[in-house]
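This report describes one protein structure for a reader who has not seen it before. Please look at the sequence and the model, then read on.

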Amino acid sequence: MPNPDTPTHDYVIFSSGGNDSIALVQWMIENKHTAFVVYSDTGWAQPGWLDRVARVEAWCSSHGFTPVRIGSMGLPALVQIKKAWPRNGLQFCTSALKIEPGKAWLAEVDPDAELTCCVGVRRAESARRSTWPEHVEESGKHGGRSLWSPLVRHTDEERDALLARAGFEPLPHRSQECYPCINANRADLRLLTPERVDEIEALEQGMGHTSKGKPRTMFRPYRHRGAQGVREVMRWATAERGRYRMSDEGAAGVRDTEGRIAVVAHAQAVAALAAYEGTDEAERAGLVAAVEVLEAQLAEMLEDGASTCDSGMCGI
Ligand code: SF4
């Protein structure tokens with residue numbers, strides 16, 4: 001039975017506190033809707049991110065919305081219990097930290113599944129989100145409720161205009177609800193403090209090795225030029241583009257076939273260019289072009305700048 005003191009709304013917004021979530025609340029305000037605004041606490045946010053969430057909640061309340069925070073065991077405890085890091089394709093963090101706690105809350109406040117769930121996903125965010133549907137009739141990740149993404153066609157400029165009317169400056173980065181996300185790209189990694197890198201390293205070391213003797217690391221080596229372990233991944237992230245050289249140890253850790261081929265081909269091309277001592281400009285240009293082509297292929301694999309979690313529950 002829902003608590004009779006729970007306010008009633010027709011909508012529930014899943015918000016990370018990032019730009020698109022705030023723009024969505026503003027859009028709902030301008031379209032005369034109110035909603036629950038749910039923040040899923042992953043126990044892995046950037047220090048200070050919850051202060052921003054509190055500011056967003058106060059602003060939501062001032063417009064008749066109902067902020068809700070949903071707790072979870074947190075990412076560090078989750079990976080230690082599972083003895084594994086989540087992977088794209090086996091992204092159990094989304095399920096354990098967001099989807100299941102969210103569904104449990106929905107079942108409590110909305111047992112008849114009448115609420116419409118809303119997320120601030122926009123197609124302009126990335127190639128991966130370019131076909132995101134505006135409406136999903138029954139979303140399994142939301143307990144069979146309908147899922148609405150009103151901002152799917154909004155451009156960055158339109159989103160920023162909503163933010164301005166809401167009184168929020170656009171953040172120059174994605175939501176920091178997970179700091180970092182397991183799918184973090186170079187730009188995300190560059191935001192990490194030394195303290196958080198130490199924390200990840202301690203987790204990695206505490207989790208030991210797989211049955212095949214591979215270290216359990218947060219980031220997949222093939223997505224980071226073969227870098228293995230957060231310390232090495234940070235070397236990759238902070239190196240100038242194309243300048244990071246995979247260590248032999250890192251190369252041994254690359255297990256994904258497609259990634260391994262791409263990383264090794266790139267490393268060979270870089271080595272060939274570095275070793276070239278000839279004076280034939282055309283030959284040198286050919287070597288430079290080969291590095292650039294392989295660099296571009298790898299960048300595509302890395303999907304720098306792409307949104308990294310398409311669950312409809314992660315607001316990044
Ligand atoms: S934001 Fe990233 S790390 Fe956090 S729950 Fe989603 S996929 Fe997992």
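## Two crossing helices

In this predicted model, the axes of H1 and helix H5 (residues 156-166) come within 8 Å and cross at roughly 70 degrees. An angle from 65 to 115 degrees counts as roughly perpendicular, so H1 is roughly perpendicular to H5. The crossing in which H1 passes H5 is left-handed.

Which residues of the two helices meet? On the H1 side they are Asn 19, Asp 20, Ile 22, Ala 23, Gln 26 and Trp 27. Their partners in H5 are Arg 159, Leu 162, Leu 163, Arg 165 and Ala 166. By type, the residues of this contact divide into 6 nonpolar, 2 polar and 3 charged.

## The sheet

The model contains an open sheet of 6 strands with mixed pairing, in the order E3-E2-E1-E4-E6-E5. At its edges are strand E3 (66-70) and strand E5 (135-139), each of which pairs on one side only. On average, neighbouring strands of the sheet are turned by 30 degrees against each other, direction ignored.

Strands of a sheet pair through backbone hydrogen bonds, either parallel or antiparallel. Cys 118 stands opposite Trp 148 in E6.

Helix H1 (residues 19-30) packs on the sheet. Helix H1 touches strand E1 (11-14), strand E2 (35-40) and E4. The direction of H1 makes about 160 degrees with that of E1.

Thr 8 lies in the segment before E1. Is Thr 8 buried or exposed? A residue with 12 or fewer other C-beta atoms within 10 Å is exposed; Thr 8 has 12 C-beta neighbours inside 10 Å and therefore counts as exposed.

Thr 8 and Thr 34 are 26 residues apart along the chain, and their C-alpha atoms are separated by 9.1 Å.

## The chain as a whole

How many helices and strands does the protein chain have? There are 11 helices and 6 strands. The chain has 316 residues, of which 39% count as buried.

The contacts in the chain can also be sorted by separation in sequence. Among those between residues at least 6 apart, 70% join residues at least 24 apart.

Methods. Residues are numbered from 1 along each chain as its sequence is written. This is a predicted model: local features need pLDDT of at least 70, side-chain atom pairs count only at pLDDT 80 or more; totals for chains, interfaces and linings use all residues. Two strands pair if DSSP finds at least two bridges between them. Helices (H or I, at least four residues) and strands (E, at least two) are DSSP runs, numbered from the N terminus. Axes are lines fitted to C-alpha atoms, for helices over the stretch in contact, and angles run from 0 to 180 degrees between N-to-C directions. Two residues are in contact if their C-beta atoms, placed from the backbone, lie within 7 Å. A residue is buried if 20 or more other C-beta atoms lie within 10 Å of its own, exposed if 12 or fewer, and partly exposed in between; C-beta atoms are placed from the backbone. Angles under 35 degrees count as roughly parallel, over 145 as roughly antiparallel, 65 to 115 as roughly perpendicular and the rest as oblique. A crossing is left-handed if the near helix is turned anticlockwise from the far one by less than a right angle, and right-handed if clockwise. Ala, Val, Leu, Ile, Met, Phe, Trp, Tyr, Cys and Pro count as nonpolar, Asp, Glu, Lys and Arg as charged, and the others, Gly among them, as polar.
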